[in-house]
Amino acid sequence: YLQLPADLTKMHLTDNPHPQVTHVPSSQSGCSIASDSGSSSLSDIYQATESEMGDVDLTGLPEAPVDSEDEEEEEDEDIDRTSDPLLGRDVVRECLEKEPADKTDDDIEQLLEFMHQLPAFANMTMSVRRELCSVMIFEVVEQAGAIILEDGQELDSWYVILNGTVEISYPDGKSESLCMGNSFGITPSLDKQYMNGVVRTKVDDCQFVCIAQQDYWRILNHVEKNTHKVEEEGEIVMVKEHRELDRSGTRKGHIVIKATPERLIMHLIEEHSIVDPTYIEDFLLTYRTFLTSPLEVGNKLLEWFTVDSLRDKVTRVVLLWVNNHFNDFEGDPAMTRFLEEFEKNLEDTKMKGHLRLLNIACAAKAKWRQITLQKPSRDSPLFFSLLGGSDKGFGIFVETVEVGSKAAEAGLKRGDQV
C-alpha cells in the first residue's frame, strides 16, 4: 500500500488491474493535460472515476447519513454565527478575562488565532506566542485621557494594545501614537527599567494584554531550548522548532521553520513530525518563491526513485504534485518530460497500482483541447503514432510524438486521447 494522507488511506491499490479499461471522455489527455491548479485530494479522483473503475475496493468505507433540510438550516445558522467578527471578538474576550491558571487548551488556541495577526507578535515563534497567551492578563481603561504610566515610573509589564489608541508624550516635547497591535513597556530583561515619557489613553475603552516582566523575560530568553539547528560543514542549513499542540504532551514534535532550498527539498522524503503532517503540500504550494525551476525538485525525485527504500515516498510526492498543481507540468515541456520519465520508471519497476493512480490523477485534471495539424500532402508523415481502437476495446490514444516535429509544435502530447 502506498503511503498516502489520512483521507486517502481507505483507497485500495492493486497491481492486478481489472481487464476492463477506463474510458476517458474524448479529447482528454491521460498524462499531459489540464491547467487546473486547484488543490484537491486524490480520493476525489477515485470518487469521480468510481463508475469507470472495476477494481476500486469500497468495502469498509464508513457511510455518512444524509442531512435533512432542517439540519442544513441549522448548519447555515451556525456558519452565520461563527462568521460574525464581533462574535469572534466576544469569544476572544471571554478567554482573555479568565485567570491564567483557568485557561484551557481551547482558550489558548482562540487567543493564538487572534494574537498572531498583531504586529507585536509577528516575529515570534509559535511556542513563544503560545506561552505568552497562557500567562497574559487582560486590562481595560474605560476613559480617554487616563494616565497608564508616569514618566520615570518603574516598569513591571509588557503591554500590547488590543483596542483603542494611546499617546506617549516624551520629555523633549515629542509625542507618539500607538494603536491596535502595537506594544510598549519593558524589554526582555530582569534589570530595573523605568518609563521614558507619559502614556495616556486617547479614546474611551482602551483594552490591553499585560505580561509580567518575569514571565516575559523567561519566555523570550528560553526560546533557544525549543529550537534545533542542523549544521553541515559548519553552516546552519535548517532550524526546527519544538511545538506541543496540547498540554497532554501526546501531540508534540519538531516543525521546520527555516532552511536552505536544498535542505527543504531533501526534507520531502524525510520523516515528518506529527505536528507538521502537511509539509509536502506546503512545499509544493510555496516552492516557487525560493526555487528558480521546478526541475530542481524533479531531478532529485528521479534520482531518489532509484533507491528502493525511498521509492514509495517519492511516488507519494509526485502524486500530490500532479493532483494539486498539474499546470506545473502542462505549461512546462521539461516538466512534461519529467512526468513521462517518471511514468516509465513506474512501468519498469512494475508498480502498476501506483502507475494507474498516476494516470487517474492526470485524467481527472484533463481539459478539452483543439489542435490543428496541417500536412503538405496526403502521403506526408504524421510524426506521431496512435494506440487503441475498437479492436482493442478502448479509445484512441497518442502513443509517441516525434520530438521537434510539427505535431509536437502544434501541441500534441503522449497520452492525449483523440
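Hello everyone, this is a short walk through one protein chain, from its overall make-up to a few side-chain details.

A word on the model before we start. This is a predicted model, in which local features need pLDDT of at least 70 and side-chain atom pairs count only at pLDDT 80 or more, while totals for chains, interfaces and linings use all residues. Residues are numbered from 1 along each chain as its sequence is written, and side-chain values use heavy atoms, with hydrogens and water left out.

Let's begin with the whole chain. The protein chain has 14 helices and 13 strands; these are DSSP runs numbered from the N terminus, helices being H or I with at least four residues and strands E with at least two. The chain has 418 residues, and 40% of them count as buried. Buried here is under 20% relative accessible area, exposed is over 50%, and partly exposed is in between, with a 1.4 Å probe and protein chains only. Take the contacts with a separation of 6 or more: 66% of them join residues 24 or more positions apart, a contact being heavy atoms within 4.5 Å. The chain exposes about 23,600 Å², and carbon and sulfur atoms supply 49% of that. Those areas come from the Shrake-Rupley method with a 1.4 Å probe, and for residues only the protein chains shown count as cover.

Now to the aromatic rings. How many aromatic pairs does a search of the whole structure find? There are 14. Rings of Phe, Tyr and Trp (its six-membered ring) pair if their centres lie within 6.5 Å; planes under 30 degrees apart are stacked, over 60 edge-to-face, and the rest tilted. One of the pairs is F184 with F208, edge-to-face, at 6.1 Å centre to centre and 90 degrees between the planes. F184 belongs to strand 6 (residues 183-185) and F208 to strand 8 (residues 206-212), so this pair ties together parts 24 residues apart in sequence. Both F184 and F208 are buried. Another pair, F283 and F290, has ring centres 5.7 Å apart and planes at 65 degrees, so this one is edge-to-face. F283 is buried at 3% relative accessibility, whereas F290 is partly exposed at 28%. If you have the model open, please select Y279, F283, Y287, F290, F305, W321, F326, F329, F338 and F342, which ring pairs link into a cluster.

F305 leads us on to the charges. The charged end of R311 sits over the ring of F305, 5.1 Å from its centre. The rule for that is NZ of Lys or CZ of Arg within 6 Å of the ring centre and within 35 degrees of the ring normal. R311 also forms a salt bridge with D308, with the closest N and O atoms 2.9 Å apart. A salt bridge means a side-chain nitrogen of Lys or Arg within 4 Å of a carboxyl oxygen of Asp or Glu. Elsewhere, salt bridges that share partners join E131, D215 and R218 into one network.

The count comes to 13 salt bridges. Among them is R263 with E270, whose closest N and O atoms are 2.9 Å apart; R263 is buried at 12% and E270 partly exposed at 23%. E303 and K300 also meet in a salt bridge, at 3.6 Å from N to O. These two residues are 3 apart in helix 9 (residues 295-305), about one helical turn. E303 is partly exposed at 45%, and K300 is partly exposed at 29%.

Two backbone spots are worth a look. Most residues other than glycine have a negative phi. K350 has a positive phi, near 55 degrees, in the loop between helix 12 (333-348) and helix 13 (352-364), and K350 is exposed at 60%. F383, also not a glycine, has a positive phi of about 70 degrees. F383 lies in the loop between helix 13 and strand 12 (384-389) and is partly exposed at 33%.

Last stop, the loop between strand 13 and helix 14 (406-410), where we find S405. S405 is buried, with a relative accessible area of 5%. Its C-alpha is 9.0 Å from that of L382, 23 residues away in sequence.
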